[in-house]
Amino acid sequence: MSRHRVFVTAFALGALLRLIAMLGYSPAMWFNDSYEYVSVALHPRPSAVRPDGYSFWLMLLQPFHSFTLVVFTQHLMGLATGVLIYALLRRKFALPKWGATLAAVPVLFDAYQIQLEQLVMSDTMFTLLVVGVITLVLWHRRMSWKVGAVVGFLLALTALTRSIGLPILGLVVVYMLIKRTGWKPIVAMVTACALPVVAYMSWFYVTFGKFAMTNSDGLILYMRVSIFADCAKMDLDLPRELPLAFMCIEEPVNKRVSYAQWYLWGTGSGNGNAGGEVLHRLPGKVKFDDFKNEVASEFAKRAILAQPGDYLQVVARDFMRAFNWGRPRFPDEATFQQYQFKPYYDLDAEGKPKRLPKWATVGGRADTDAFMYEQGPAETRIVHPWADIMSAYQKVFYLQGVMLGGILLVGLAGVVVRWRRLGGPVLLPWLGAFGLILAPAATAEFDYRYLLPAVPLACMAAAITLRHGVKLRRRAAVTPTSASASEPTTVST
C-alpha cells in the first residue's frame with residue numbers, strides 16, 4: 001500500500017468526497033429517467049425506451065429497500081474506474097505513479113462525476129463497464145479464448161446498460177484484428193456478447209413483436225433532425241407517404257425551439273406543433289410503439305439525405321459543445337439544474353419542497369414506485385453543511401471542456417505518431433472516447449452526462465501517448481509483468 005501512496009491518497013480523498021455527497025443528499029438524487037429505471041425494476045419488462053441492464057442491477061438490490069445502497073454501489077463503481085486506470089497505466093505501460101494517478105484524477109475528483117454517481121442513473125455502471133472492457137483488451141495482447149469470452153460478456157452488459165455499448169463491440173473486434181489477436185478469442189468474445197443480447201432481444205420480441213432492443217431509436221433520430229428538417233426539401237410522395245407528412249413541423253426553421261430534445265419530450269408550445277404533440281398525429285396512444293418508431297426513423301433518414309449539410313452542421317455544433325470553457329446551461333434550465341449539487345430545495349407553487357413527480361408508469365406512478373422500492377420516503381433530503389460543501393466544490397472542481405479537448409488532442413497525436421502500427425495501444429481508448437462524444441451528437445443531442453464515460457478513455461489514451469516523455473534515458477530490463485504490454489515499456493521515475 002505504501003508503494004502506491006500517491007494514488008492511495010487520491011483514492012481516499014475521492015472516497016471522502018463521495019461520503020460527503022451521500023451525507024448531503026440522501027437517500028439519492030433523481031433525474032427524469034430515474035423513474036423508468038425504478039418502474040422496470042419493480043415491474044419487470046423490456047422497456048421500449050432504453051435497455052434494462054441498469055434496472056436489472058436495481059432488481060438485485062431491491063430486497064434491501066435502500067436507494068442509499070444503490071448510490072453507494074455507484075460510488076464504488078466510480079472509485080473502481082479510477083483503480084482500473086491506475087493499474088493499467090502502471091502495470092502494463094510503466095507510467096510513473098504520479099502520472100498514472102494524474103490520469104485517474106478526473107474520475108476521482110470531478111464534481112459532476114460524483115454527482116452522477118449520486119443520481120439513480122445508469123451512466124456510472126456504463127462507464128465502469130466500458131473502462132473494464134478497454135482495460136482487459138489492452139492488458140492481454142496475447143488473449144486467450146477465455147479472456148475473450150469475459151470481454152464479450154462485459155460488452156453484452158455494456159450494450160444492455162446503454163444502446164451505444166453495442167457499437168463498442170465492433171470497435172474492439174476491429175482493434176483485435178489489427179493486433180492479430182487470433183480468431184479464437186474473437187469468436188469467443190462475439191459469442192459471449194451475442195448470447196445475452198439475443199436473449200434480451202427475444203424477450204423484447206415476445207413483448208413487442210419486434211426483434212430489437214428498443215422502440216426508440218427512430219424517434220430519437222427524429223428528435224435529432226427536428227430542428228432543421230424542412231419537408232419542402234424532402235420531395236414527399238403524397239398521399240402514399242402521408243404518415244411522413246404527419247411528422248412535419250409547421251413552424252419555420254428559424255422559429256423553432258433551439259434544442260432537439262423538446263421535439264420528443266416537450267409538451268407543446270401553444271401552437272400544437274412542438275414537442276411530443278407532433279407524434280400524436282399518428283395513430284396509437286403510446287409514444288414509443290413500433291409504428292411510430294418506424295415512421296420517425298424513415299422521416300429522419302429522408303431529412304438527412306435531403307439536407308446533409310444541415311445535419312452535419314448540427315452534429316458539428318453539438319460535438320463542439322463538449323469543449324466549452326465553463327458549463328453553459330444546455331439544453332434547458334430544468335435539465336441543467338438536475339446535474340447540480342444544490343444547497344436548497346426546489347419549491348412548488350405553495351413554497352413547499354417539491355415531491356417526486358406523479359407521472360404514470362406501468363403498474364403505478366413515479367412517486368409511488370420510488371416509495372415502494374425504498375419502503376419509505378424517497379425524496380432527496382438536503383442536509384447541511386454537507387450539501388453546502390459539495391455545492392461549493394462543484395463550482396470549481398470539474399474538468400473543463402477545453403481541458404477535455406486538449407486531452408483528446410494529445411491522444412490523437414499518439415495515434416498519428418504510431419501510424420505505422422495503426423495507432424498502437426493508443427488507438428482503442430482514443431477511438432472509444434471520440435465515439436462516445438460523437439455518437440450522441442449524431443443520433444440524439446448533446447448532454448453533459450454523455451461526456452463523462454468518454455473522459456477516462458481520453459485520459460488513458462493521453463497517458464499512454466505521453467509515457468515516453470517521462471522515461472529514463474537508459475533502458476531497464478523488461479520485467480515479466482511488462483513483457484506482455486503492447487509496446488516495449490521502460491522503468492520510470
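Q: Where does P331 lie?
A: P331 is in the loop between α15 (308-321) and α16 (333-337). Elements here are DSSP runs, numbered from the N terminus: helices are H or I with at least four residues, strands are E with at least two. The model is predicted, so local features need pLDDT of at least 70 and side-chain atom pairs pLDDT 80 or more, while totals for chains, interfaces and linings use all residues. Residues are numbered from 1 along each chain as its sequence is written, and side-chain values use heavy atoms, without hydrogens and water.

Q: What is the peptide bond from F330 to P331, cis or trans?
A: Most peptide bonds are trans. The bond from F330 to P331 is cis, with omega near 0 degrees. H384 and P385 are also joined by a cis peptide bond, with omega about 5 degrees. P385 lies in the loop between β4 (381-382) and α18.

Q: Is R180 buried or exposed?
A: Buried means under 20% relative accessible area, exposed over 50%, and partly exposed in between (1.4 Å probe, protein chains only). R180 has 71%, so it is exposed. H65 has 31% relative accessibility, so it counts as partly exposed.

Q: Where is P27, and what does P27 touch?
A: P27 is in the loop between β1 (25-26) and α2 (34-42). Its relative accessible area is 2%, so P27 is buried. Contact means heavy atoms within 4.5 Å. Leaving aside neighbours within four places in sequence, P27 is in contact with F67, T68, V71, Q118, E374, A378, E379 and R381. From P27 to W57 it is 30 residues in sequence and 17 Å in space, C-alpha to C-alpha.

Q: What span does α1 have?
A: The expected span of a helix is 1.5 Å times one less than its number of residues. α1 has 20 residues and reaches 28 Å from its first C-alpha to its last, close to the expected 28 Å.

Q: Which residues of α1 are buried, and which elements do they pack against?
A: They are F7, A10, G14, L17, R18, I20, A21, M22 and G24. These buried residues pack against β1, α4, α5 (97-109), α6 (111-118), β4 and α18.

Q: Which residues make the nonpolar surface patch?
A: Patches use residues with over 30% relative accessible area and no salt bridge; like charges are joined within 9 Å, nonpolar side chains (Val, Leu, Ile, Met, Phe, Trp, Tyr) within 5 Å. Accessible areas come from the Shrake-Rupley method with a 1.4 Å probe; for residues, only the protein chains shown count as cover. L13, L16, L19, L23, V383, W386 and I389 make a nonpolar patch of about 560 Å². The elements giving two or more residues to the patch are α1 (5-24) and α18 (386-394). α1 gives the largest share, four residues. L19 is found in helix α1. L19 is partly exposed, with a relative accessible area of 44%.

Q: How many salt bridges does the structure hold?
A: Side chains of opposite charge can pair when their charged atoms come close. A salt bridge is a side-chain nitrogen of Lys or Arg within 4 Å of a carboxyl oxygen of Asp or Glu. The structure holds 18. In one of them, E117 pairs with R18, with the closest N and O atoms 2.8 Å apart. E117 is in helix α6 and R18 in helix α1, so the pair ties together parts 99 residues apart in sequence. Both E117 and R18 are buried.

Q: What links E250 and R281?
A: They form a salt bridge, with closest N and O atoms 3.8 Å apart. E250 lies in the loop between α12 (242-246) and α13 (262-265), and R281 in the loop between α13 and α14 (290-306), so the pair ties together parts 31 residues apart in sequence. E250 is exposed at 59% relative accessibility. R281 is partly exposed at 27%.

Q: Which residues are linked in a network of salt bridges?
A: D33, R50, D123, R162 and R449 are.
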